[in-house]
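Work through the exercises below with the model in view. Try each task before you read its solution.

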Amino acid sequence: MLRLTSAIPEVSVTKATVDGQPVLNLTAGSALFAGHSEYVLTINARTGLPIRSENSKTAPGEKPSPAAAYESSRVKVADIAAGKF
């Protein structure tokens, strides 16, 4: 999926770190959104799980939307059966 996404000319992929963890920033240019915004999706470089998404640039007169942060956790089948999730 990442390889496919990175093949889109309006998407750039850069390496970075967040809290000491290696991440990839996928930046989708405003051309993909009719010139309205530029969006950045930050994913964990090891697991591929999303960490954060935000619009980094907005068109004049538009308000930026708040950033979204993602968290994931593992759940055991026994915990689900016990109603703990």
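The radius of gyration is taken over C-alpha atoms, and the globule rule is 2.2 Å times the number of residues to the power 0.38. This is a predicted model: local features need pLDDT of at least 70, side-chain atom pairs count only at pLDDT 80 or more, and totals for chains, interfaces and linings use all residues. Residues are numbered from 1 along each chain as its sequence is written, and side-chain values use heavy atoms, with hydrogens and water left out.

**Exercise 1. Overall form**

Compare the radius of gyration of the protein with that of a compact globule.

Solution. Start with the rule: a compact globule of 85 residues would come out near 12 Å. The protein has 16 Å. Next, take the box along the principal axes: the C-alpha atoms fill roughly 50 × 30 × 25 Å. Last, look at burial (buried means under 20% relative accessible area, exposed over 50%, partly exposed in between, with a 1.4 Å probe and protein chains only). Of the 85 residues, 21% count as buried.

**Exercise 2. Order of elements**

Solution. Helices (H or I, at least four residues) and strands (E, at least two) are DSSP runs, numbered from the N terminus. The protein has two helices and five strands.

**Exercise 3. Thr5**

Is Thr5 buried or exposed? Which residues does Thr5 touch?

Solution. Locate Thr5 first: it lies in helix H1, residues 2-6. Its relative accessible area is 18%, so Thr5 is buried. Now find its contacts (heavy atoms within 4.5 Å). Leaving out residues up to four places away in sequence, Thr5 touches Val11 and Leu26. Thr5 and Leu26 are 21 residues apart in sequence, and their C-alpha atoms are 8.5 Å apart in space.

**Exercise 4. Val13**

Find the strand that holds Val13, then give its accessibility class.

Solution. Val13 is in strand S1, residues 11-18. Its relative accessibility is 38%, so Val13 counts as partly exposed. For a distance, take Asn55: Val13 and Asn55 are 42 residues apart in sequence and 15 Å apart in space, C-alpha to C-alpha.

**Exercise 5. Salt bridge**

Which side chains meet in a salt bridge?

Solution. Apply the cut-off: a side-chain nitrogen of Lys or Arg within 4 Å of a carboxyl oxygen of Asp or Glu. The structure holds one such bridge. Glu54 and Arg52 form this salt bridge, at 3.1 Å, N to O. Check both partners: Glu54 is partly exposed at 27%, and Arg52 is partly exposed at 35%.
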